[in-house]
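Here are my notes for someone opening this one for the first time. Have a look at the model, then read the points in order.

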Amino acid sequence: MDRRVLALTIIVLIVLAPIGYVAYAYSNFGSVINPGKPKGTSNYVVIYHQGQFYVLTPEDYASELAGGKKLPPGSKVFNVTLKSYITGSPEVDLNLTLRSFYDRFTIVIGAPSVQECKSNPQAYPGDCRMRTVVATEVSALTSAIFSANYYIKAKGMGYDNASARQYAYQQTQIRHHIAYLSFITKLDIGRGSLGNEKNLAVLLIGPAEGAKCNCIFAPRRGLLVIEGTSDETLRAEVVLIENIIGFRWPQGNNTETVQITG
């Protein structure tokens, strides 16, 4: 082969190979968060009324209405579907994803347009106040679980209670990241460097991100997608997650939930 042709071929490979890899990883993001038919599904009804959330199965909800009961005025009803792509049980997938031990975790609070909430909330295609509430609560929820895991690790290393709590707090602070759903974030999710068995990623998809369903699912280990067609729905979905995994806030937190019945 002519040296010039060989040199040109090498240059082309050096330039195009990374571009091709980036293009593949970015395009793969769509298939990651839209993984197709799930192995199993579960449906829930979340009712909000006067600061209280009620979580029911569709059967229990229908039974209550069939018995002649009516929802109080001002109540809001959210129908949410949990999907399973890992074990076949959405509830198991949810617990497995959130409660596993990770090196770090990232909360992807939404598209870059979410930043408009700080300076120009009118430009945000959703409810800025509610998105802020959702981002804060899901971050606090994940932090609490992450911290508990590192507390257990510290106790196993021989730390006393006070030292173990301090260790867990410090590790949570330095291993906790907030990100927007930018090109780079999509690239990282698509190529698997974000949202894996070592780096948990919780991704919020609402109206600003083009949500198509009210659903919660983990397309793979270490990646949890919370998708809602409104920011209010995202809020209800976070409460549903807390309920399903049996999470309880420390005393003083304002979130109130009622146990699933049935």
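**Notes on the model**

1. Let's start with one cysteine: Cys 128 is buried, at a relative accessible area of 12%. Here buried means under 20% relative accessible area, exposed means over 50%, and partly exposed is in between, with a 1.4 Å probe and protein chains only. Bear in mind that this is a predicted model, where local features need pLDDT of at least 70 and side-chain atom pairs count only at pLDDT 80 or more, while totals for chains, interfaces and linings use all residues. Residues are numbered from 1 along each chain as its sequence is written, and side-chain values use heavy atoms, with hydrogens and water left out.

2. Which cysteine does Cys 128 pair with? Its partner is Cys 117, and the two sulfur atoms of this disulfide sit 2.1 Å apart; the cut-off for a disulfide is a pair of cysteine sulfur atoms within 2.5 Å. The bond ties together distant parts of the chain, with Cys 117 in helix α4 (residues 116-119) and Cys 128 in helix α5 (residues 128-156), 11 residues apart. The torsion about the S-S bond of Cys 117 and Cys 128 is about -90 degrees, so this disulfide is left-handed.

3. How many disulfides does the rule give? The count is 2. In the other pair, Cys 213 and Cys 215 have their sulfur atoms 1.9 Å apart, and both Cys 213 and Cys 215 are buried. With the bonded cysteines numbered in sequence order, the pairing reads 1-2, 3-4.

4. Now the overall picture. The protein has 8 helices and 9 strands, taken as DSSP runs numbered from the N terminus (helices are H or I, at least four residues; strands are E, at least two). Of its 262 residues, 43% are buried. Among contacts with a separation of 6 or more, 68% are between residues 24 or more positions apart, where contact means heavy atoms within 4.5 Å. The exposed surface comes to about 13,600 Å², with carbon and sulfur atoms supplying 56% of it; these areas come from the Shrake-Rupley method with a 1.4 Å probe, and for residues only the protein chains shown count as cover.

5. What about holes inside? A search of the whole structure turns up 1 cavity of 30 Å³ or more, and the largest cavity holds about 50 Å³ of space. A cavity is a set of points, on a 1 Å grid over the protein atoms alone, where a 1.4 Å probe fits but cannot get out, and lining residues have an atom within 4 Å of a point. Grid points are joined across faces, edges and corners, and the volume is the space filled by probe spheres set on the points.

6. Which elements each supply at least two residues of that lining? They are β3 (76-84), α3 (90-99) and β7 (215-220). The lining includes Leu 82, Pro 90, Asp 93 and Phe 217. By class there are 7 nonpolar, no polar and 2 charged residues (nonpolar: Ala, Val, Leu, Ile, Met, Phe, Trp, Tyr, Cys and Pro; charged: Asp, Glu, Lys and Arg; polar: the others, Gly among them).

7. Is Gly 110 buried or exposed? Gly 110 counts as buried, at 0% relative accessibility. You'll find Gly 110 in the loop between β4 (104-108) and α4. Leaving aside neighbours within four places in sequence, Gly 110 is in contact with Arg 131, Ala 179, Tyr 180, Leu 181, Leu 204 and Glu 209. Gly 110 and Ile 205 are 95 residues apart in sequence, yet 6.3 Å apart in space, C-alpha to C-alpha.

8. Pro 207 is partly exposed, at 29% relative accessibility. Not counting residues up to four places away in sequence, Pro 207 touches several residues, including Pro 125, Arg 131 and Asp 231.

9. Last, a backbone check. Gln 50, in the loop between β1 (40-49) and β2 (52-56), has a phi near 50 degrees, a positive value in a residue other than glycine. Gln 50 counts as exposed, at 72% relative accessibility. Gly 192, which follows α7, also has a positive phi, near 90 degrees.

Note on methods:
On a 1 Å grid over the protein atoms alone, a cavity is a set of points where a 1.4 Å probe fits but cannot get out, and a pocket is an open set with protein on both sides within 12 Å along at least five of seven lines; lining residues have an atom within 4 Å of a point.
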